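Here is a short report on one protein model. Keep the sequence and the 3D view open as you read.

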Amino acid sequence: KMQKNNKKLAYSKWGSSDLRNVRTEIGKTQAKMAEVLGISARMYRYYENGRTPISKPMEYAMKYLSQLSQETRQEMENLSNFEYERMVRLRDAIEKALDEPIEGSQSDHVRRILNQTLKEFDMVLSKVKR
């Protein structure tokens, strides 16, 4: 019986329209809101379409984001110059490492990880406006 009560406490009284209203107030698309929250776009759509109950942590995160200024929200989303330069240097080092032979029993695995990492860096860096 105790577990049942705890489960009820874990969910918000918010409905999908509350979530949608806060998201539009913040000025984000569903995909961008999911990215900010650290969940998949699909999962966010489930919340906003009413297919998945909204958890208390989700409600609290949305309330927190709605109280932040526009400037603070933008700062959270953008890379600093230091972060950007660091990613560029790391990306270039990975590309250079891929040009050299990788030895050992796990060389194929390491090469796949490095290739995927390189693709991820390229994707993130392409979104950064410089």
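## Arg23 and its contacts

Arg23 touches Lys28, Thr29, Gln30, Met33, Tyr44, Glu48 and Met62, leaving aside neighbours within four places in sequence. Contact means heavy atoms within 4.5 Å. Arg23 lies in helix α2. Helices are DSSP runs of H or I with at least four residues, strands are runs of E with at least two, and both are numbered from the N terminus.

Is Arg23 buried or exposed? Its relative accessibility is 10%, so Arg23 counts as buried. Buried means under 20% relative accessible area, exposed means over 50%, and partly exposed lies in between, using a 1.4 Å probe and protein chains only.

## About the model

The model is predicted: local features need pLDDT of at least 70, side-chain atom pairs count only at pLDDT 80 or more, and totals for chains, interfaces and linings use all residues. Residues are numbered from 1 along each chain as its sequence is written, and side-chain values use heavy atoms, with hydrogens and water left out.

## The whole protein

The protein has 8 helices and 0 strands. Along the sequence, the pattern reads α-α-α-α-α-α-α-α. The protein has 130 residues, and 24% of them count as buried.

The protein exposes about 9,700 Å². Carbon and sulfur atoms supply 50% of that area. Accessible areas come from the Shrake-Rupley method with a 1.4 Å probe; for residues, only the protein chains shown count as cover. Now take the contacts between residues at least 6 apart in sequence: 62% join residues at least 24 apart.

## α2 with α5

Helix α2 covers residues 16–26, and helix α5 covers residues 56–67. They pack at an angle of about 25°, with their axes 10 Å apart. Axes are lines fitted to C-alpha atoms, for helices over the stretch in contact, and angles run from 0 to 180 degrees between N-to-C directions. α2 and α5 are therefore roughly parallel to each other. Angles under 35 degrees count as roughly parallel, over 145 as roughly antiparallel, 65 to 115 as roughly perpendicular and the rest as oblique.

Which residues meet? From α2 come Leu19, Val22, Arg23, Glu25 and Ile26; from α5 come Met58, Met62, Leu65 and Ser66. By class, the contact of α2 with α5 has 6 nonpolar, 1 polar and 2 charged residues. Ala, Val, Leu, Ile, Met, Phe, Trp, Tyr, Cys and Pro count as nonpolar, Asp, Glu, Lys and Arg as charged, and the others, Gly among them, as polar.

## α4 and its partners

α2 also packs with α4, at about 120° and with axes 7 Å apart. These two helices are therefore oblique to each other. Ser16, Leu19, Arg20 and Arg23 in α2 meet Tyr44, Tyr47 and Glu48 in α4. That contact divides into 3 nonpolar, 1 polar and 3 charged residues.

Helix α3 (residues 30–37) is another partner of α4: their axes come within 8 Å and cross at roughly 110°. α3 and α4 are therefore roughly perpendicular to each other. Gln30, Ala31, Met33, Ala34 and Leu37 in α3 meet Ala41, Tyr44, Arg45 and Glu48 in α4. The residues here are 6 nonpolar, 1 polar and 2 charged.

## Tyr46

Tyr46 lies in helix α4, residues 41–48. With a relative accessible area of 25%, Tyr46 is partly exposed. Tyr46 touches Arg51 and Thr52, not counting residues up to four places away in sequence. Tyr46 and Ser16 are 30 residues apart along the chain, and their C-alpha atoms are separated by 9.0 Å.
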